[in-house]
Amino acid sequence: MAIQIGDKLPEAKFRVMTAEGPQVKTTDDVFKGKKVALFAVPGAYTGTCHKMHLPSIFLNAYAMKDKGVDTIAIVSVNDAFVMNAWKRDTDQRDEAIFLADGNADFTKAIGMELDASANGLGIRSKRYSMLIEDGVVKKLNLEAMPGKVEVSGGDTLLGQL
């Protein structure tokens, strides 16, 4: 069953790239005691994710932080090396943490997996955004179609703050 508003995030581990290489971050590390704008995409560098979803986040990053968001996080079922390269290529002002969910453990734990095997992509994440406060989902915007950014963009979440 998919996570819903009012649910607490389950324990899971992500990988993030550091100067020392990939490091583990837990859901507590990322979300505990913080207000986090979480954006999930099916894949780094894929057309809609790269050209539409990420720009909508970064165009609204300052405004989200002005409204009390502590952290902007982007999660995808990709490895830490890909997520690090994507951050380097898109996050020019270092406004977000890029979370690698390489085995889709977090994605599956919250019921947001998407089987994109027919397109050669394997198991991925559905496209959504969430506002999370101290590990609890306060807002959830799930796209009906993974190739669209109609309700999960930075502008939508900003309007909900």
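What covers the buried residues of α4 includes β1 (13-18), β2 (21-26), β3 (35-41), α2 (47-59), β4 (71-76) and β5 (96-100), where a contact means heavy atoms within 4.5 Å. This is a predicted model in which local features need pLDDT of at least 70, side-chain atom pairs count only at pLDDT 80 or more, and totals for chains use all residues. Residues are numbered from 1 along each chain, and side-chain values use heavy atoms, without hydrogens and water.

**Exercise 1.** Find which residues of helix α4 are buried.

*Solution.* Begin with residues 80-90, which form α4; helices are DSSP runs of H or I with at least four residues, and strands are runs of E with at least two, numbered from the N terminus. Next apply the term buried, under 20% relative accessible area with a 1.4 Å probe and protein chains only. This gives Ala80, Met83, Ala85, Trp86, Lys87 and Thr90.

**Exercise 2.** Find the backbone atom that a side-chain oxygen of Asp79 reaches at the start of α4.

*Solution.* Look from Asp79 towards Phe81, whose backbone nitrogen lies within 2.8 Å of that oxygen.

**Exercise 3.** Decide whether the radius of gyration agrees with a compact globule.

*Solution.* The radius is taken over C-alpha atoms, and the rule is 2.2 Å times the number of residues to the power 0.38. For 161 residues a compact globule would have a value near 15 Å, and the protein has 14 Å, which agrees. The C-alpha trace spans about 40 × 35 × 30 Å along its principal axes, while buried residues make up 46% of the protein.

How values were computed: Buried means under 20% relative accessible area, exposed over 50%, partly exposed in between (1.4 Å probe, protein chains only). A polar contact is a pair of N or O atoms within 3.5 Å; within protein, one must be able to donate a hydrogen and the other to accept it, and residues adjacent in sequence count only if both atoms are side-chain atoms.
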